[in-house]
Structures are given as C-alpha cells and as structure tokens.
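Let's take a walk through this model, one spot at a time. Keep the viewer open as you read.

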Amino acid sequence: MTSRSDATPSARDWDPLINIEDDGDAESSAAARGASLAVAANLVRRGSGRAYQQLASDSPEAEEASPLTRVCPSQAARDAARLFDLSLIFAQLDDRSRRATRAQRGDRRRRGFGWLGRCFALAIALPAFLRSVLWNRGRVSVLPRTIVVPADRQDGSYPPNVVRNQKYNLVSFLPVVFYEQFKFFFNLYFLLVALSQFIPALKIGYLFTYFAPLGFVLAVTIGKEAFDDYKRHQRDKEANSQVYKKLTPRGIELIPSARISVGDLIFVHKDQRSKRMGIIVRDETTGEIWFLAKGADGVMSRLVRYNDWLEEECGNMAREGLRTLVIARKRLTGEEYADFQAKYSAAQISTVNRTDLTREAIASLEHELDLLGLTGVEDKLQDDVKVSLELLRNAGIKIWMLTGDKIETAACIAVSSKLVSRNQMIHTVAKMTDPLRALDELDIIRGKGDVALIIDGESLHVYMTHHVAAFTNVALALPVVVCCRCSPTQKAEITLLIRAFTGRRVLAIGDGGNDVSMIQAADVGVGIVGKEGRQASLAADFSVTQFCYVTRLMLWHGRNSYKRSAKLSQFVIHRGLIISVMQAVFSAIFYFAPLPLYQGLLLVGYATIYTMAPVFSLVLDKDLTEETALLYPELYKELRKGRSLSYRTFFTWLLISIYQGGAIMILSLWLFESDFVNIVSISFTALVFNELLMVALEITTWHPLMIWSEIITLAVYLSSMSLLKTDFDMAFIMTWTFVWKVAIITSVSSLPLYLIKYLRSLHSPAIYRKLQG
C-alpha cells in the first residue's frame, strides 16, 4: 500500500451514519450493508445504477451516540426505527429551513423604507423564491414520511422470486427431447427407415433389428437429459429454499427466498462489488464528521484534490498488472452534513428524477477529497488462464469477454489475462448516447483495423437499438471485443446476435448466476464451479472446476468427439445401406419378387452380435495424441470446416454402400452352385467379413479393445454357423470352394477402397500426418 497521510481516525471510534454506495452491477436492487446486519427495502428499480442506503450499527455505544437512533425493545424494532427517524429528521430540518426563510423575509420588509426599501426587499426575496420554485418543481411537498412494514399479502402483479434452471417439466420432457434428437438429418433418417418397416411392401426382416439400435441411442440420451435436469431441479430447490429474515408487523419471520416479494423488508448479509463506496462516520471522542470514500483510480482521480503523484503511481502499478484502489476522505461541518441530509432525503422521497437528484446530492460531497493512499492488489487469475486463452486464439476461436465489471476492471483483466496483448491498441467506447455519434465511432474503429474494442453496457444498448448490423459487422472483424457493464439480459442478447449473424457455433463460459441466461442462449454452455456457486454449472452442458480445463475440453475431447461421432454415424449408415442395396439387387434380378434375402436370426445377428462390437469400437479411435493436439492448436481449424461430417461425406458413403452391396450380391449370384442356400451362406459371410475389414480400414490408432472386438466377433460368427443349420450348409462351408469364393467377393468389395486410401495418403496426407512425420 502506498500512503501519503497517516492522520487517519481509528475505525472503532466512528459512528456510522449513512452508507453511500455506487453499485457496479447494472441491474442491482437497492441493498444496505452493515457491520453484521443491514436492513434494506427490497424494491425493484429499473435504469438506476446507484443505490444509497441507511447503514445500521450493531454497536450499543454507537446507538446511544447517534442522533438517528431511537431506543426500542428489540433489535428489529431499533433497525426499523432508524429508517423512520431518518425521514422524520429530514422533514423537520426542511420545515425549520422554511420557517427561517419566512423570518428573514419579514426582517427585510421591516428594514425597507418607502419605494426603495420595497424594491430592495423584493430583490432580496426573489432569489429565494425562485430557488424554492425550482427546487420543488415537479415534486411532492416534503412531509414526514412513515415506512410501513408490509403485511402478508398475495399480490400477483409481480413475478415470483423463484430461481428455475430446469429445461423441462413432466409434460414437455419427452416432446422436447425427441425434437432435439430428430431435428438432425442422420437421426431423422434412422427414424424414417425404421418407420418404413410398417409398410408391408417395404418390410425386410424383424422390426427389432431397426428399432433396437434407435431405441438404445434414445434411451441413453433421455437418461442423460433426465439426470442432468434432476440435478438442476435439486440446485433450484436449494436456492429457492435459502432462508432469509423478513421484517413483519409481528416481528422477524424466516421465509424461503422463493416467497420474497416486492416491498418486503429483508435482512441482507451478502456483500456486493461496487464501483466506488463512501461512508459518513462521526468520531465519538471529538464529534468530527468524516466522509470516507474508496474506488477505482479512474473515478477517484476526479474527486480528490490536485496532487502530483497519484497518476504516476497508478501507472506504475497498472504496468505491473495490479488493480488499484484509491482511498480518500473529507471533513464535514455540521452545516454541510445537514445540507446533505436535506438534499438526500428530498431525493429519496421524490417521485420524479429520483436517480438524478440522488446523484446530485452525493455529488455535493464527492469533491475536494483529501487523498489518503493507494493500494495495488494483484487481480489473481486461475492457473493457466493466459496459456489457455493463447491456445484458443491460435485454434482460430474468436473470444468475446462479457462482464458486469466497470471499464477499468474489465480492461485490467483483459490485459492481465493476455486477452489483449501489451502492444495492442485499445479503443474504448463509453457513455455513448447519441446514435449519430455512435455511427461515427464505428467508422473510427473500422479505420484502425487491428484493435481491441472495450465498450460499456450503455453504449452497447445504443448500438443494439439503432445500428445492430453495422456494429456486428465491425465487431466481428476485430480480434478482441470486451463488453463491460453488461446485464445478464445483454449477455444473452449478444450471444444470440453472434449466432444469428455468423451462423457459427457459440460457446458460452460462465461461473455465476448472472451467466445462466448467456449459457442457455449459446449452442454449448460450460459452467465453472467456484466461489460464485453452482448455478452456472448446472445450467450448462459441461461443468468444469477451472477455466484451463476448457482448452483440453475443446482441443482434445472436442476433437475426439467430433471425429468419432462422424465415423460412427456414417459407418452405421453404411451398415444399413449395404444390406439394403443387396436386397434391392436380389429383388431386381428375380423380377422384383417380394422375396427376402435374409430372414430370421441372420438379420438380428447382423444388427447385433455380428457387427455391433467392431462398429462401436470406433469410439476409441484417435487420429493423434493429446500432446500433439495441445501443442499445435492450429489443427483445430480443420475441424471448424466441418469436412469430417458433411453432405459430401454422406454421399461418399452412399456410393461406397452401393458399390459394395452390388459387388457382393452380383458375385454371389455368379458364383453360386446348384442349391439356393449357398447364395445365402456365401453372400452373408462375405458381407460380415467386408464389414470387419471396413472397420479396420477406418481405424487410425488401434486400441486393444478394437483388436479383441474384431477377433471375438469373427469367432462368434464362425461358431454360430453350426447352430444355424437352416441357413448354412456345413458340408459346403468346410470345402475350399466356399473359402475361395468368399475371399474373391470380399477382396473385390473392400480392397479397392484400401488402395484408394493409400494413394490419397501419398498424394494429400492429413496435416497431423505431416506433424507426425
């Protein structure tokens, strides 16, 4: 701490009178804070950036010394009495002022003589008259005000104070889950194929073979969604059941947070972050009244007396990455304090321009402050935040920072986290209210090019209202955008705006309840479990304990998930298409007669024990190591192009299925002998072998379970031939004729694909292959 004055009164000798706080949250409600207990009116105010409260003291000595305290039998009654007495004293002071003004006017009239005296008296009285008219213009008379403790009521004009992060209820759960699954093309394809089996002309085999895989996938999805939503329900129940103390005519009543309504007097214990904070205290020994204030250097530098060291010291600390806090004070005379009381009381009971009047009252104190000292605190980030942001930027991911902090804090965090590089220019847009000037500001930003934009919520509202398209086009072209002073609603609006204008996937990361709306508005939400609670983590799709885990989640697990899902989904389509093509070729050769090629257990086995284990083992495949993926984040840019799962790959697998199904069926018919059962045994065996070879063709890195799945599946199929005597002629299967025919069919259907893959790897290898040498 850097200090230039030691003449600081002891904190235990002060009697707190009024706490003045400038809230940093754009949508905060008015809340009073005290040493151990604060009483506040739970009022909803829109558009107000400040909250000024009565500070209650729990010290018996302070209670006796303070003129604002009435002795009452209980602590709750004493707290309420402080609120009542404050309004009464303010009204009495204002009434005394009016009586004094009238007495002064009478004295001036008596001292006047003749026409000259009356003119002189009029000149003296006119300023006071105008001041009185202007001061009371558009406001009610200052009368004693009584704060009535609200009785129990059932008022349905306001929404309930209920936290709800659940996505579903009992009625909407299944419809919403089914819609989320079948809105994708591949899932809808499987559903249509399964439903087609209810048409007799299209029915092939048992319905179980079609609905079992689809039902398995849906069961896993429904179970996961139900479990996650149950966790959200538990967290909501915990938040809504948090007990608060409510002041009622009967005394203090304990109620859950869900029952809090507008107008209730609630005991608030939780501290809040603020842009600057001030407090008026009185020294009990000397009776001196002091106004103490602390806040960011950008704000406090305009409030303190001129000095030659504050700016320099703040710059030194800022260059070291420290968050600065300026502390100042001002001695108040009795007249200054009484004047402030009158203005503050009039502003609080005013029904017109209450916020502006309150700001003016506080401004009468916040000037010519004596600078006490400057503190520099490290804005400590979580481990590896800087490295994580650097990796994400190198991966081609654009990062926007949406925060409710003030501009100075947001800029400090952006620089300290290396979101904004040291040599990068920062362009700040703050307090922009003119739409035309806002449009000119966009031209300035567009001309600067590579610049980091920092914009506050007020200016952002202007752009979102008047110049949405222009602002979005300019902001999306910038490398870094920091939106500060954002409300939860604005965070969600920005998220939806980026999704609509870019058409890209948007990932939202948050750690507090204010980030829930943003997380739910994004395509993918990540919640960080920390000191801010678990609301964000339960409302998100993924939950982590540190920000640095997001890098591994995206660059490694995200890569594997995308690659594996692409392979698995396309291979499942291929497995169903190839047997459908074989059935179509078989029916065409026999004049489209409704004869099934495979019946009974063969179809069931093909969809389950003969192919399921090798196909699903593809989820263990990986194209590179985790170290390589994190060392070269640029590899993630290839995934963002969506080439692994697209219409092109779908039609590629469609052609592969047509080729292989046609080759297997035509060669089987050409090579079959006298008995029809030989066609079934030859074609089905070639089909199973072909699928096992295709799985091996798609594997990049072999896992032990992959090898075992291939071996066990092959052994199960060969051993099942002896059990399915109606489909397989064991005497024919044990001959060399069966072996070479199956080998030729399998080679013709699969070896050309191996050759194409080999030539392609030589001509245009994948980028990760180049890194691996």
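First, the ground rules. This is a predicted model, where local features need pLDDT of at least 70, side-chain atom pairs count only at pLDDT 80 or more, and totals for chains, interfaces and linings use all residues. Residues are numbered from 1 along each chain as its sequence is written, and side-chain values use heavy atoms, with hydrogens and water left out.

Start with helix α9 (residues 334-348) and helix α10 (residues 354-363), whose axes come within 8 Å and cross at roughly 170°; helices here are DSSP runs of H or I, at least four residues, and strands are E runs of at least two, numbered from the N terminus. The axes are lines fitted to C-alpha atoms over the stretch in contact, with angles from 0 to 180 degrees between N-to-C directions. So α9 is roughly antiparallel to α10 (over 145 degrees).

Next, hop to Leu538 in helix α18 (residues 535-539). Leaving aside residues up to four places away in sequence, Leu538 touches Lys231, Arg232 and Arg235. Its C-alpha atom is 9.6 Å from that of Gln234, 304 residues apart along the chain.

Now for two lysines with positive phi. Lys418, at about 65°, is in the loop between α12 (407-416) and β13 (426-429). Lys431, near 55°, is in the loop between β13 and α13 (435-448).

Notes. Angles under 35 degrees count as roughly parallel, over 145 as roughly antiparallel, 65 to 115 as roughly perpendicular and the rest as oblique. Contact means heavy atoms within 4.5 Å.
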